[in-house]
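Work through the exercises below with the sequence and the model open side by side. Try each task before reading its solution.

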Amino acid sequence: MDEFQEILQDFLVESFELIEQLDQDLVELENRPDDLELLNGIFRVAHTVKGASSFLNFDVLTHLTHHMEDVLNKARHGELRITPDVMDVVLESIDLMKALLHTIRDTSSDGGIEVGACVVRLDKISGGDGDIVSPVVQAAVVEEELEELIEEMIEETSTEPDYENMEEDEIEAEIERLLAQRQNEDKAKRAAKIAAGESVPEAPPAPTEEAEAKPTPKLAPKPVPVTPTPKAVLHHDDDNDARAAAPAKKAPTTVEQTIRVDVKRLDHLMNLIGELVLAKNRLIKINDDVEERYEGEEFLEELNQVVSIVSLVTTDLQIAVMKTRMLPVGKVFNKFPRMIRDLTRELNKKIELEISGEDTELDKSIVEEIGDPLVHIIRNSCDHGIEMPSVRLAAGKDETGIIGLKAYNEGNQIVIQIDDDGKGLDPVMLKNKSLEKGLITEKEADAMSDKEAFALIFKPGFSTAASVTNVSGRGVGMDVVKTNIEKLNGIIDIESQVGVGTSMKLKIPLTLAIIQALLVGVQEEYYAIPLASVLETVRISKDEIYTVEGRSVMRLREDVLSLVHIGDIFEVERILDSSEHAYVVVLGLGAQKLGLIVDTLVGQEEIVIKSLGEYLKGIDGIAGATIRGDGGVTLIVDVVALMEMAKGIKSTVASSSNETAQIAKEKSKASDYKVMMVDDSKTDRTIMRKSLEPLGITLIEAVDGQEALNILKQGDHNFDAMLIDIEMPRMDGYTLATEIKKYNRYKNLPLIAVTSRSGKSDRMRGVESGMIEYITKPYSSDYLSSVVQRNINFKSEFLS
Amino acid sequence: MSDKLKEIINQQAERQNVVLSQLDDIVQLVGFVIGDEEYAVPILSIQEIIKPFPWTRVPQVPKYVLGVFNLRGAVIPLIDLRTKFGIGAKKHTDETRFIVMRNGDDVAGFVIDRLTMAIRIKKDKIGPAPDTVNGDETLIDGVGKQEDGIITILKVDKLLERDF
């Protein structure tokens, strides 16, 4: 980046920051036109921008800011009263200034925007002749300390073409005034310093200033050359700004210690933390496994300690990094006073905005996304919510409507609440309008609760405005609000009462990347549901599920909750037998509720959201994926989409098709019988084979439980019985039997334990896990053969 | 002595030139079998080749998209080329492999029946795809002629493109 670019970047960053504060100050100013501090602050912004832009040769911007400065200057010397009309022009010029800065940011030049008209209006306000500042000839008179003046003059010489038209005495007067002003400020500052207990040397003004400028060493004043180089101008500009800002900001010593960091670096850091959280989850899982296997070992305690420290630090680290990305929501709120002001004038209403909780912090990416939805909501409140003053008076309300905008923390969420005391939402009217526009059917309208009716305003194409105004009524906007908020995983909650007002709550998660989720299981699959949308979980038995109009419902305390099976939504094949009981996860999204039936609840876990990538994006009902502790991928449920999908799904819950597909195939020859032998010992398998081969049945071998289970899952063979050794690596016989019995189709598969364990408790365990016969090693061939024959109903005619 | 040395050096240089000029006309491919046919993709589009491991099913996708799997922290789609090419699915064997292909930011794993080998083939031995399958929609980039038969070269960008 060359030097110019670098300076330009600094200039833009600084200017945008200044302007952000400006809007709020200006509206404030309208209420308190005599507040000198405010005026000075505003003046300084115009001034700083002018100074820097002239140096960077942005003539249009300089021209505009110069005239703004004139008006503001008059105002702060009490020569001009700030009336709403004056304010309109000033605000207009600020808007132009913003537009120019945006143009500069995008194109590095300030062309293409017409400022002439605005400048003329500004001039008119400031007294027709406009320009007030001193010509260059006066430079000799000016003292060293008047850097501000000098700088102004330099700017005048370089950018302002018509200073020569100015009148002598006017210039004189201006200099006098600025001098007096400066001295007053100095005096005030000195007084403040003395009051603060600092010894201020009774020296000539210049050194005093030097002392005052100390907190930021780089800004230490330099001797001012009469014809400074451009670089020097910039420095003085900074210099000036810092000092000028000092009195407004009270004690100059409390400079906030900050570093500007590229957001990309923070994002990268955030990604790394995400990986770390995944690794941590994995570590915890491994720790659990190890604990189980080496119970009582000494090193376990040490391992435990390390794991808990790592997990603690990771959590703290995650919070700390999250905090670096946090911005106060006030950054967004700042622009609303101005917006409300413009709207009140445009709509001829009287509206006051009350902001609170602007210090509440939110992730930067969310702060950026939240602005537009808020604009729409507040515009809507102004246009549709707050009534005309006369109507309000007639209704016995205060003439001035109040819109409240507040932000606060609620658990793991940030709530932004927008209240108005306007006419409120009328559910009946909303339903009628929607019917008129064909957005809903009569049947739907009848079944709608008030809350659901309020949610109609978020439907695309919906508008209650009788006529389309500049402000709203085109029927776009509120649906954009909804999509934007949902994009942030947030929800909108509306409460309203006719004649009293409306309250809208936007609930948004603190951060986007890492969320708390409830893990649920269906058959052999797992899904993660964002915990923010989970209201509660309940365990029900199958007969608590009723069917109404082809939909499953259940009674949850006072309410009737519609149900949908997660397996129906995600097309899960029902292989495993579903037990008598089911779990219902009650999902809540704004006013909507839905019961999601799942087979198992696994637990709560912190998950890192990963996208499914370009190839699989936009799958209905899936918001993304996460990597679990065991390295597997688990899909994250998109609750919003899921609720939509649930509407189109007919119930299969009640009639869970329990047809045991166990079609006993007719056996026509001995080799139609299939028996699996599961044993880790080659010798044992050979002995079994030797015993059973004479029967002529088909024998399949597996070396451990895992392999046996895989063979079963593939479903290539239809087994008539299984011979299972108990002690095997990877998966033992008991576990295998338990797993097999989970499958519907293997419910009746005879499992025969073949083992050297002969204790009573071993037998008991065998029975518990679903084994029906227990053969202890060693056994005779005939015995094994007869047991197998009995269990597979071997037809004797096949015996050769 | 020095003459001889020069001669050798010259010879080496010549040989190198020949190799270099040949390199320009040679395409390096990795061959694999799906069903009864042999296919190939450019070696540079392959990120890695791995043995099969568990994946997670994704709902509401065509049958040939098996799901997603975890490749060192990245979630990557898994596509079964047998199903995609209209040959019935088959149980995975010891020879089954996942080929992870990349084109820019697009990454996906593809299930193939078995790998054959890395192939060097001269550009002039590669003919265009048969007319009947021509058009923008085809997955076939060209057909490579070898001594012992032909090999179908696939377009990686088309393979990685979502078509549902």
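**Exercise 1. Chain B as a whole**

What percentage of the 164 residues of chain B count as buried? Then describe the secondary structure of the chain.

Solution. The model is predicted, and in it 26% of the residues of chain B count as buried. Next, list the elements: chain B has three helices and 11 strands. Along the sequence they follow the pattern α-β-β-β-β-β-α-β-β-β-β-β-β-α. Finally, look at the contacts in chain B with a separation of 6 or more: 52% of them come from residues 24 or more positions apart.

**Exercise 2. Helices H3 and H4 of chain A**

Determine how helix H3 (59–76) and helix H4 (84–107) of chain A pack.

Solution. Two packed helices are described by the angle between their axes and the distance between the axes.
- Step 1: the angle between H3(A) and H4(A) is about 155 degrees, and the axes are 10 Å apart.
- Step 2: angles over 145 degrees count as roughly antiparallel, so H3(A) is roughly antiparallel to H4(A).
- Step 3: the crossing of H3(A) past H4(A) is left-handed.
- Step 4: H3(A) contributes A:Val60, A:Leu61, A:Leu64, A:Thr65, A:Met68 and A:Val71 to the contact, and H4(A) contributes A:Val90, A:Ser93, A:Leu96, A:Met97 and A:Leu100.
- Step 5: sorted by class, this contact has nine nonpolar, two polar and no charged residues.

**Exercise 3. Helices H10 and H11 of chain A**

Repeat the analysis for H10(A) and helix H11 (299–324) of chain A.

Solution.
- Step 1: the axes come within 10 Å and cross at roughly 160 degrees.
- Step 2: that angle makes H10(A) roughly antiparallel to H11(A).
- Step 3: H10(A) also passes H11(A) in a left-handed crossing.
- Step 4: the residues of H10(A) in the contact include A:Leu266, A:Ile273, A:Lys280 and A:Glu291, and those of H11(A) include A:Leu300, A:Val307, A:Thr314 and A:Val321.
- Step 5: the contact of H10(A) with H11(A) divides into 15 nonpolar, six polar and two charged residues.

**Exercise 4. The side of chain A that touches chain B**

How many residues does each chain give to the contact?

Solution. Chain A gives 23 residues and chain B gives 19. On the side of chain A, helix H10 (263–293), strand E17 (622–627) and strand E18 (633–637) each supply at least two residues. By class, that side of chain A has 11 nonpolar, six polar and six charged residues.

**Exercise 5. A sheet in chain A**

In what order do the strands of the five-stranded sheet of chain A lie, and which stand at the edges?

Solution. The order is E16-E8-E9-E18-E17, in an open sheet with mixed pairing. Strand E16 (600–608) and E17 of chain A are at the edges with a single partner strand each, so one side of each has no neighbour in the sheet. From one strand to the next the twist averages 35 degrees. Now take one pair: strand E9 (525–530) of chain A runs parallel to E18(A), joined by two bridges. Within E18(A), A:Leu635 stands opposite A:Tyr527.

**Exercise 6. Helix H24 of chain A**

Which residues of helix H24 (733–741) of chain A are buried, and what covers them?

Solution. The buried residues are A:Gly733, A:Tyr734, A:Leu736, A:Ala737, A:Glu739 and A:Ile740. Their cover includes strands E19 (674–678), E21 (721–724) and E22 (751–755) and helices H23 (705–714) and H25 (760–768) of chain A.

Technical notes: Residues are numbered from 1 along each chain as its sequence is written. Chains are lettered from A and ligands numbered from 1 in the order in which they are written. This is a predicted model: local features need pLDDT of at least 70, side-chain atom pairs count only at pLDDT 80 or more; totals for chains, interfaces and linings use all residues. A residue is buried if 20 or more other C-beta atoms lie within 10 Å of its own, exposed if 12 or fewer, and partly exposed in between; C-beta atoms are placed from the backbone. Helices (H or I, at least four residues) and strands (E, at least two) are DSSP runs, numbered from the N terminus. Two residues are in contact if their C-beta atoms, placed from the backbone, lie within 7 Å. Ala, Val, Leu, Ile, Met, Phe, Trp, Tyr, Cys and Pro count as nonpolar, Asp, Glu, Lys and Arg as charged, and the others, Gly among them, as polar. Axes are lines fitted to C-alpha atoms, for helices over the stretch in contact, and angles run from 0 to 180 degrees between N-to-C directions. Angles under 35 degrees count as roughly parallel, over 145 as roughly antiparallel, 65 to 115 as roughly perpendicular and the rest as oblique. A crossing is left-handed if the near helix is turned anticlockwise from the far one by less than a right angle, and right-handed if clockwise. Two strands pair if DSSP finds at least two bridges between them.
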